[in-house]
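Me: I'm new to reading protein structures. Could we go through this one together, with a few questions and answers?

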Amino acid sequence: MTSEIVQKYFRIENLPHIWCPGCSNGVVTRALTVAIDELGLDQDNIVVVSGIGCSSRAPGYLDFNTLHTTHGRGLAFATGIKLANPKLDVILIAGDGDVSAIGGNHLIHAARRNIDITTIVFNNNIYGMTGGQYSPTTPTDAKGTTAPHGNIDKPFDIAQLATAAGATYASRTTAYHVNQMVKYFKDAITNKGFSMVEVASICPTYYGRKNKSGSGVQMMQTLKNDFIDRMAYDKLPEEKKAGKHLMGVFKNITLPEYTAEYQRVIEALQGGESNE
Amino acid sequence: MKSKDQLEVKINPDWCKGCGNCVSFCPTNVLAIDHHGKSTMVNREGCILCGMCEKLCPDFAIWIGGKEDE
Amino acid sequence: MSKKTVKLMQGNEACVEAALMAGMKFFAGYPITPSTELAEISSEKLPRVGGKFIQMEDEIAGIAAAIGGSIAGLKSMTATSGPGFSLKQENIGYAAIAEIPLVIVNVMRGGPSTGLPTSPAQGDVMQAKWGTHGDHAIIALSPQSVMETFDITIKAFNLAEKYRTPVIVLTDEVVGHMREKIEIPEPGDIEIVNRTVPGPGEDYLPYRLEAGDIVPKMAPFGAGYRYHITGLFHDETGFPSNSTENADIMLKRMISKIEDNRDDIVMFDEFMMEDAEYAIISYGSTARTVRNAIKTLREQGMKVGLFRPITIWPSAEKEIREVGRKVKKIIVAEMNMGQYVQEVERIVKSDAEVFHLGRANGEVLMPSEVVQKAKEVF
């Protein structure tokens, strides 16, 4: 037994899920269904695609058309589905490693094309499924099982990466800020173009333990305390800016969408040759 | 839509993994972790049905539902 | 007499013509020599018939998007050569385990690595079978001419749909770029196979095999069935399963749907085999060299015939075994350092002595070399 929203949008027979105690993946996945419900979208028309990783197991629990693909390639599969049938609402669920390391190329090109796919990144700063190796978003000096002496890499800012690559909607929120998350999901899904919502998430089991971040609850508290809206951040006195992370909307513009542009090509060709 | 007096916090202990989000982020402190490591309601009168517990439960194990629901 | 259109065209062009006649509505790929014409021509023609073409950011994305197109219900193709074929391997396995119909054209060029980009080779024969990790069955077809490229591309789409599987068209730089006369049949004269889909309101389990079917029915995404596709081992519900018993059942079904239907899938050709005492087994463009050499050898009194597999995988096991029983010696001629010869040796065992003639330096085999080798060993 569970809530009406979960009963409606989840495959109850596959629950409870495989995620660890305190992992925020369930929070984010549920928030996605709330956004879909509030938008009143047709459940049969929604396709949720993922790659490989902890968050990529989410589609298996969701009662839509769901596709669990190969590591990093979710956006490429999603691009094929969306172009083949532009009427479908296509959503990608990806982890930070999946979408910005092995799948980084697909991310920047899907954003560049402005294809109408909503990408939701569960950014927990670590490879969880394989046991805690550092990812492209692991902060410098943080520890992972492959960074036992501290990470010397500089992290990606995934939302800004999508923005720079051409996404027409990009925002960042956290797994704690559920109301904002639902709003961002709705805005992202509604945007006709490539949209990205990066959700700062937590992995108490691997990231938390390796970095002495405390319990899941403490890590959620950190999300609550450390993330600040980018507009509010600008108004903070310098001494209060240290240690803060930015959330908010980074991009929200309208540009021609890829599948609509392709449809124009088809119509021009077919219209021009209707006498054949 | 059900009115507030028809609603209550409901808990599915089978799905609860005892992470404690609901307990820690409840604005009125009406929840606790019981000796089985599961979330439990300790002050039903104090609950304001805000839904914070439901939003932050990663396991869909706590929610605001109708008193008459299964 | 049915009407046919006679045209002069390149192998790669014939492949796209055939794909369109077979019902291709989606192409995703990445430019690579010597397969690029497939992408170019698809990009020109597909939107004219309401189909979709997309040039993806890399080879992996090319096959991934093509699989996505197929899942959305369109007949899909991707095309590549050597290095690109290597990059596509993981997702060939995905299409195999998830049972997604797809045609993958590999216009073979010299390798390994960047190798000889503009020269022909037949070095990807074993990769076509075992390139992706894990056990699986695959269908691979190899044409020797432009006309045959047309015919087997139609066949490739039909087999992909019928058996819900990736099908590889293994052509090579010679066949891909050669221009020959072909006769294009009228659309009504071509057999077209479409995947079976569940009926409206049907109680649908995406990987349940219904009585009388070869493969489970396949609903396109968005048709109201809301099911799950994964590259994990799954049961008939489509959801992941860790059961070893289930994995065994599923793997065996995945392999046997192809292995048990060899008679339907296997195509081959024979030339002067009736009274042959010696056989040369060869495929693709190399078989044309061999055919020429056989005429010369026959003129010189040697009873030699050609056995030409058109279906490379699954191999024409029954027929090759027969060849082994019939002749004393076999030469396998191919543009590689010895690949399909291993399959022939496996099949004929000690029934006939098997020799290899091949090289992989970018030069096609010459008839004179075949004649010389035959004189040496036969």
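This is a predicted model: local features need pLDDT of at least 70, side-chain atom pairs count only at pLDDT 80 or more; totals for chains, interfaces and linings use all residues.

Me: Let's start with helix α10 of chain C. What length is expected at 1.5 Å a residue?

Reply: Helix α10(C) covers residues 286-299, which makes 14 residues. From its first C-alpha to its last it reaches 20 Å, and that is close to the expected span of 20 Å.

Me: Now for Ile138(C). Is it buried or exposed?

Reply: Ile138(C) sits in the loop between α5 and β7 of chain C. Buried means under 20% relative accessible area. Ile138(C) has 2% relative accessibility, so it counts as buried.

Me: How far apart in space are Ile138(C) and Pro314(C), C-alpha to C-alpha?

Reply: Along the sequence, 176 residues separate them. Even so, Pro314(C) is on the list of contacts of Ile138(C), along with others including Ile92(C), Pro166(C) and Trp313(C). The C-alpha to C-alpha distance is 6.8 Å.

Me: On to the largest pocket. Which element gives the largest share of its lining?

Reply: This pocket has a volume of about 910 Å³ and is lined by 32 residues. Elements giving two or more residues come from chain A, including α2 and α7, and from chain B, including β1 and β4. The largest share is five residues, and it comes from α1(A).

Me: And what gives the most to the lining of the second largest pocket?

Reply: The second largest pocket has a volume of about 610 Å³. Of its 24 lining residues, Asn125(A), Thr137(A), Pro139(A), Phe227(A) and His245(A) are closest to the centre. In chain A, β8, α9 and β10 each supply at least two residues. The one that gives the most, with four residues, is α9(A).

Me: How many charged residues are in the lining of that second largest pocket?

Reply: Sorted by class, the lining has eleven nonpolar and eight polar residues. The charged ones number five.

Methods
Residues are numbered from 1 along each chain as its sequence is written. Chains are lettered from A and ligands numbered from 1 in the order in which they are written. Side-chain values use heavy atoms; hydrogens and water are left out. Buried means under 20% relative accessible area, exposed over 50%, partly exposed in between (1.4 Å probe, protein chains only). Contact means heavy atoms within 4.5 Å. On a 1 Å grid over the protein atoms alone, a cavity is a set of points where a 1.4 Å probe fits but cannot get out, and a pocket is an open set with protein on both sides within 12 Å along at least five of seven lines; lining residues have an atom within 4 Å of a point. Grid points are joined across faces, edges and corners, and a volume is the space filled by probe spheres set on the points. Ala, Val, Leu, Ile, Met, Phe, Trp, Tyr, Cys and Pro count as nonpolar, Asp, Glu, Lys and Arg as charged, and the others, Gly among them, as polar. The expected span of a helix is 1.5 Å times one less than its number of residues. Lists of a residue's contacts leave out its neighbours within four places in sequence.
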